[in-house]
Amino acid sequence: MTRTLRLVRRRLVGSVFVLLIVVVGSFLMLQAAPGDAVDAYVVSMGGDAGLVESLRHAWGLDQSAWTRLANYLWALLHLDLGWSVTFSRPIRDVVLERLPNTLLLMGSATALSFFLGSALGIVAGARPGSLRDRLLSTGSLALYAVPSFWLALVLVIVFAVDLRWLPIAGIETIASSKTGLARVTDIAWHLVLPISALGFIYLALYLRMMRAGMAEVWRQDFVLAARARGLPRRRIVLAHVARNALLPLVTMLGLQSAQMLGGSVVIESVFSVPGLGRLAQEAVAGRDTPLLLGIILVSAVTVVLINLAVDIAYALLDPRVGAGEVA
Amino acid sequence: MRRRFLQTPEAVAGTAILVLLAAMALAAPLLFPGDPLRIAGPALTPPFQDWALPLGTDRLGRDVLAELFHGARTSLVVGLAAAAASLAVGAVIGTLAGFAGGLADEALMRLTDAFQTVPGFLLALAFVSIVGPSLSVVVAAIALSAWTGPARIARAEVLSIRERDFVAGARVVGMHPLEIAFREVLPNALPPVLALSSIIVAQAILIEAALSFLGLGDPNRVTWGGMVAEGRTVLRTAPFLSIVPGIALVVTVLGVYLAGEGAVEGAAVRKGLS
């Protein structure tokens, strides 16, 4: 357990630096954006030049860049992300309200691509170089080449417009006042298309990684030994080859999380799922730069936490990780 | 070398697609002169009805085929420019980090981590919305998150190269460290970095399409992503309008992937034989 704790501590220290860089970067982008918080406030609330001056002074915007950066950091330390003009509410509240929907979409899509991708990867990697392998590898590449928003629209045309099997958009039936299990089913029903659109595209990554990993393992001596012992092929494939190729896929889960979050931005806007991505688009439409940067900061923290969780899982699964480190 | 590059049917298909696309992009101004965004006929003409407008017109009466050809230009230009920019930036940062080592390495790698932590698409979205959409801004926005992969690969490569004899030799001769890094080490570290280029071009084309789909592409150019978004408004009556540019995107990106894999495999075969 101490090994895992050491690893977590080291990663936490690294993450703090990384997040600090993200914060400074987002501050720079905020400075580069035309207009500041006061301009935005006056545009939405109204006010004269005198109010502008006093607000600038009150919010510390007439001070030097360094002081403003310090103020920005100080506010963030208190979990204060600023004020959203589009929603006339604190950015933190707006973002945290939308985060669960995105995590639900992202998590389910990741699970779909991970399980289906690695299962198909085992099918392809069981006989490297076979026709089945080539078809699956190239087919998954074709899927990976599909723009997610377009796949989403095609799914909508087929399953929502033509067949009318699934709802066209939204996360639940509006004003249905469903509760409990009925509401859960309703949400799941609404999320079938978004999750498929997002999950099927990233399936190729896991399929190809599984397949490549298995091709490596096939060459190793213990597989030869298993064959020499006369084990059935199915057992060699599953218990020996696939099992040893599975571990790197866990790392991929963490590395992929940022891309998945980015991908859900587009998917959410197609299906009007009220998540972070849809919020980002609303922020762009409302020229609400502080809100946009708040979303980026929260996503960065989310990605860091997911990677930390993956590292811990990895250390628990593989006793070699961190064993040689002196901390 | 060419025979080895074109050894698999997949690589042949990929190369053929890319040649066709390049031809489309180059021929666009000749075959369809003038602004592809101008009105060419009655709105929502179905495809295969009027031979002057083989693929019909969109909601505003624009020639879909002309838009398709001009869209190929945008996609290819953005893909290539973004890949070139991110490979160049990544190679320089990776080489500096790997060659300098110590605190500089640590700082540059944390910077790389930071850029990988922020979802690339969100970063591109924020960048374009702050600076304002134009072709070069879109290219910069894509490169902003795509340079991290090349940087990591370049650094790993430089770490192993800098211990070699010819680097020690260059030091003895008294070459400036920066000169050693960029004239001796970097060229030798490039091949594995360049192997990433097909993936980066493909991702860049997809990101550009998604940005245009969300209305953040260059408004003065035809983009396939923008065409899909435009067709979305008449999805029920004319689904064709959003399906066709999407197919163009899929074929393009797949062509880039397949050709790239063929090139990497061909290089591996060459290496194995020598």
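**Two chains and their contact**

Student: How many residues does the contact take from chain A, and how many from chain B?
Tutor: The contact takes 40 residues from chain A and 36 residues from chain B. Keep in mind that this is a predicted model.

Student: Which elements of chain A give two or more residues to the side that touches chain B?
Tutor: Six of them, all helices: helix 1 (2-32), helix 6 (131-144), helix 7 (148-162), helix 11 (247-271), helix 12 (276-285) and helix 13 (289-317) of chain A.

Student: And which helix gives the largest share?
Tutor: Helix 13 of chain A, with nine residues.

Student: What classes of residue are on that side of chain A?
Tutor: There are 31 nonpolar residues and nine polar ones. Charged residues are absent from the side of chain A that touches chain B.

Student: New topic. Where does UniProt put the transmembrane region in chain A?
Tutor: The unreviewed entry annotates residues 12-33, 103-123, 135-161, 187-207 and 291-317 of chain A as "transmembrane region".

Student: What about 135-161?
Tutor: Residues 135-161 of chain A are 89% helix and 0% strand. Their end C-alpha atoms are 31 Å apart.

Student: How many helices and strands are there in chain A?
Tutor: Chain A has 13 helices and two strands.

Student: And how is chain A divided into domains?
Tutor: Domain 1 spans 2-86 and domain 2 spans 98-285 of chain A. Their centres, taken over C-alpha atoms, are 36 Å apart.

Student: Which residues touch the most other members in the largest nonpolar core?
Tutor: Ile295(A), Ala124(B), Leu125(B) and Ile142(B), in a core of 156 residues. Domain 1 (2-86) and domain 2 (98-285) of chain A both give residues to this core, so the core lies between them.

Student: What does Ile142(B) touch?
Tutor: Leaving out residues up to four places away in sequence, Ile142(B) touches Ala82(B), Ala124(B), Ala204(B), Ile207(B) and Glu208(B).

Student: What part of chain A do buried residues make up?
Tutor: Buried residues are 38% of the 327 residues in chain A.

Student: Last one. What does the model score?
Tutor: ipTM is 0.85 and pTM is 0.87. Chain B averages a pLDDT of 85, and 95% of its residues score at least 70.

Key:
Residues numbered from 1 in each chain as written. Chains lettered and ligands numbered in written order. Predicted model: local features only at pLDDT ≥ 70, side-chain atom pairs only at ≥ 80, totals over all residues. UniProt positions renumbered as here; feature names shortened; annotations may be inferred. Helix = DSSP H or I, 4+ residues; strand = E, 2+ residues; numbered from the N terminus. pLDDT = per-residue confidence, 0-100. Core = buried A, V, L, I, M, F, W, Y, C linked by C-beta atoms within 7 Å. Buried ≥ 20, exposed ≤ 12 C-beta atoms within 10 Å, placed from the backbone. Domains from an automatic or database assignment. Contact = placed C-beta atoms within 7 Å. Nonpolar A, V, L, I, M, F, W, Y, C, P; charged D, E, K, R; others polar.
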